[in-house]
Structure formats: structure tokens, C-alpha cells
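Morning, everyone. I have one structure to walk you through. Have a look at it first, then we'll go helix by helix.

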Amino acid sequence: MSMAIDLFGKDRVIEVDTTGKDVQDIVKYIINHVLSGNGVIGVVDWLDALDTDFLIGLSKEMDECVA
């Protein structure tokens with residue numbers, strides 16, 4: 001669970017995928033969900049969005065720091 005959900009509850013958290021969207025669309029999305037009172041969670045697969053090479057490099061760097 002995310003820290004935001006722990007602090008505020010599922011009904012008060014909105015997850016917004018901003019990929020490829022302009023500011024106006026993002027604002028409309030947020031306003032619509034805030035006005036409806038519905039939380040939105042789990043719409044973005046963040047692991048799928050991450051670059052595999054970046055994750056591998058990060059893992060290697062972390063291993064070096066621990067060693």
C-alpha cells in the first residue's frame with residue numbers, strides 16, 4: 001500500500017497517469033474525480049512504465065553501495 005492511501009484512505013486518493021496528456025486533460029480528469037468523490041487507485045502499472053535497463057543499472061549501483 002502506498003503512503004498516501006495509509007494517510008488519507010482509498011476514497012481520498014487519485015492516481016493520475018499523465019503520460020501523453022496535456023495539462024487541460026489532466027486538470028479535467030482530476031476535477032471530475034474530485035467532484036465525484038471517487039478515489040482512483042491502480043490505473044497505472046508503474047513497473048511496466050520503467051525502463052528495464054534503468055532498473056538493472058540501479059540494482060547494480062545499489063549492490064556496489066552495499067558491498
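Start with helix α2, residues 23-36. Its 14 residues should span 20 Å at 1.5 Å a residue, and the end C-alpha atoms are 20 Å apart, so the two agree. The expected span here is 1.5 Å times one less than the number of residues. Helices are DSSP runs of H or I with at least four residues, strands are runs of E with at least two, and both are numbered from the N terminus.

A word on the source. This is a predicted model: local features need pLDDT of at least 70, side-chain atom pairs count only at pLDDT 80 or more, and totals for chains, interfaces and linings use all residues. Residues are numbered from 1 along each chain as its sequence is written, and side-chain values use heavy atoms, with hydrogens and water left out.

Now the overall picture. The protein chain has four helices and zero strands. Along the sequence, the pattern reads α-α-α-α. Of its 67 residues, 12% are buried. Buried means under 20% relative accessible area, exposed means over 50%, and partly exposed is in between, with a 1.4 Å probe and protein chains only.

Back to α2. Just after this helix, Gly37 takes a positive phi of about 75°. Within the helix sits Ile26. Is Ile26 buried or exposed? Ile26 has a relative accessible area of 16%, so it counts as buried. Which residues does Ile26 touch, leaving out those up to four places away in sequence? Val16, Thr18 and Lys21. Contact means heavy atoms within 4.5 Å. Take Val16: it is ten residues from Ile26 in sequence, and the C-alpha atoms are 7.7 Å apart.

Next, Lys21. This residue is in the loop between α1 (3-8) and α2. Lys21 is partly exposed, at 42% relative accessibility. Its side chain reaches the backbone oxygen of Asp17 at 3.0 Å.

Last stop, α4, residues 52-66. This helix has 15 residues and reaches 21 Å from first C-alpha to last, close to the 21 Å expected. How many of the 15 residues of α4 are buried? Zero, so α4 lies largely in the open.

Met62 is found in α4. Together with Leu50, Phe54, Leu55 and Leu58, Met62 forms a nonpolar patch on the surface. The patch has about 440 Å² of accessible area.

Terms used. Patch = residues over 30% accessible without salt bridge, like charges linked within 9 Å, V, L, I, M, F, W, Y side chains within 5 Å. Areas by Shrake-Rupley, 256 points an atom, 1.4 Å probe, with all protein chains shown as cover. Salt bridge = Lys/Arg side-chain N within 4 Å of Asp/Glu carboxyl O. Polar contact = N/O pair within 3.5 Å; in protein donor to acceptor, adjacent residues only side chain to side chain.
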